[in-house]
Amino acid sequence: MELSLPSPAPYTLLVNTGTFQPGKAITVTISGPEYRGVLLEARTDGSTNALGSWQHPAPDTKFLQCTGNPQGAITHANTNLKGESTAYSWMPPDSTSPVYFMATVAQQCAVFWVNVRSAALKRGKPESLGLATEGNAGMAKEKPVLLLGICFLMILVLA
């Protein structure tokens, strides 16, 4: 029997953002050749607990309870081929630690890759009204000029 060295995974975990906020869904896409099996979860460094909860499993996939979390992971529901670019929706928990996604992806029963990992996401700052406030401040600065212009026109009309 000849052993072969593991090859790099042909799969990539892509996320639609570089930050996360509790309650704001993140899209995680498994990109690569079609596959038959998957185990996908979110984690933080130093922990094996599944974080957050997955929403609306893609066709031929289902939730898997991990570490007491009923929607802590996504796994395959059957061995039907899954698409070359399958998207999953994940809802972040209220955490301050960086989060990453990790998957085991199986092309066939004996051909699979473990520890396929995404880039880490940092906790983002809540959206603020900063732009609207700055816009209003700009308008407030322009109003005296506008008022002066209207007064000047009124003087010309009345004169």
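**A loop residue and its surroundings**

Tutor: Leaving out neighbours within four places in sequence, Ser-118 is in contact with Leu-13, Tyr-100 and Phe-101, where contact means heavy atoms within 4.5 Å. Before we go on, note that this is a predicted model, in which local features need pLDDT of at least 70 and side-chain atom pairs count only at pLDDT 80 or more, while totals for chains, interfaces and linings use all residues. Residues are numbered from 1 along each chain as its sequence is written, and side-chain values use heavy atoms, with hydrogens and water left out.

Ser-118 sits in the loop between β10 and β11 (122–123). Helices (H or I, at least four residues) and strands (E, at least two) are DSSP runs, numbered from the N terminus. With a relative accessible area of 6%, Ser-118 is buried; the cut-offs are under 20% for buried, over 50% for exposed, and partly exposed in between (1.4 Å probe, protein chains only).

Leu-13 falls within β1 (12–15), which belongs to an open sheet of four strands in the order β1-β3-β8-β5, paired antiparallel. Two strands pair if DSSP finds at least two bridges between them. β1 and β5 stand at the edges of this sheet, each with a single partner strand, so one side of each has no neighbour in the sheet. Ignoring direction, neighbouring strands here are turned by 35° against each other on average; axes are lines fitted to C-alpha atoms, for helices over the stretch in contact, and angles run from 0 to 180 degrees between N-to-C directions. At the β5 end, β5 and β8 are joined by three bridges in the antiparallel sense, and Trp-54 has Trp-90 as its bridge partner in β8.

Tyr-100 and Phe-101, the other two contacts, fall within β9 (100–108). β9 is part of an open sheet of five strands, ordered β6-β7-β4-β9-β10 with antiparallel pairing. The edge strands of that sheet, β6 (61–66) and β10 (111–117), each pair on one side only, and the twist averages 25° from one strand to the next.

β6 and β7 (residues 69–76) pair antiparallel over five bridges; Phe-63 stands opposite Ile-74 in β7, and Lys-62 opposite Thr-75. Two residues lie between the strands of this hairpin, where Thr-67 has a positive phi near 45°. The loop between β5 (53–55) and β6 holds His-56, which has a positive phi of about 45° although it is not a glycine. His-56 counts as exposed at 67% relative accessibility. Asp-60 is found in the loop between β5 and β6 as well; its phi is near 70°, again positive in a residue other than glycine. With a relative accessible area of 27%, Asp-60 is partly exposed.

In the largest nonpolar core, which has 23 residues, the members that touch the most others are Ile-30, Leu-40, Trp-54, Tyr-88, Trp-90 and Phe-101. Such a core is a set of buried Ala, Val, Leu, Ile, Met, Phe, Trp, Tyr and Cys residues joined through side-chain atoms within 4.5 Å. The elements that give two or more residues to the core are β3 (26–31), β4 (37–43), β8 (85–91), β9 and β10. In soluble globular proteins, nonpolar side chains tend to be buried together. Beyond four places in sequence, Tyr-88 touches a list of residues including Ile-26, Val-28, Ile-30, Leu-40, Trp-54 and Ile-74.

What about cysteines? The structure holds zero disulfides, a disulfide being a pair of cysteine sulfur atoms within 2.5 Å. Cys-66 is buried at a relative accessible area of 15%, whereas Cys-109 is exposed at 78%.

Finally, here is the whole. Of its 159 residues, 30% are buried. Among contacts with a separation of 6 or more, 58% join residues 24 or more positions apart. The accessible surface comes to about 10,300 Å², with 61% belonging to carbon and sulfur atoms; areas come from the Shrake-Rupley method with a 1.4 Å probe, and for residues only the protein chains shown count as cover.
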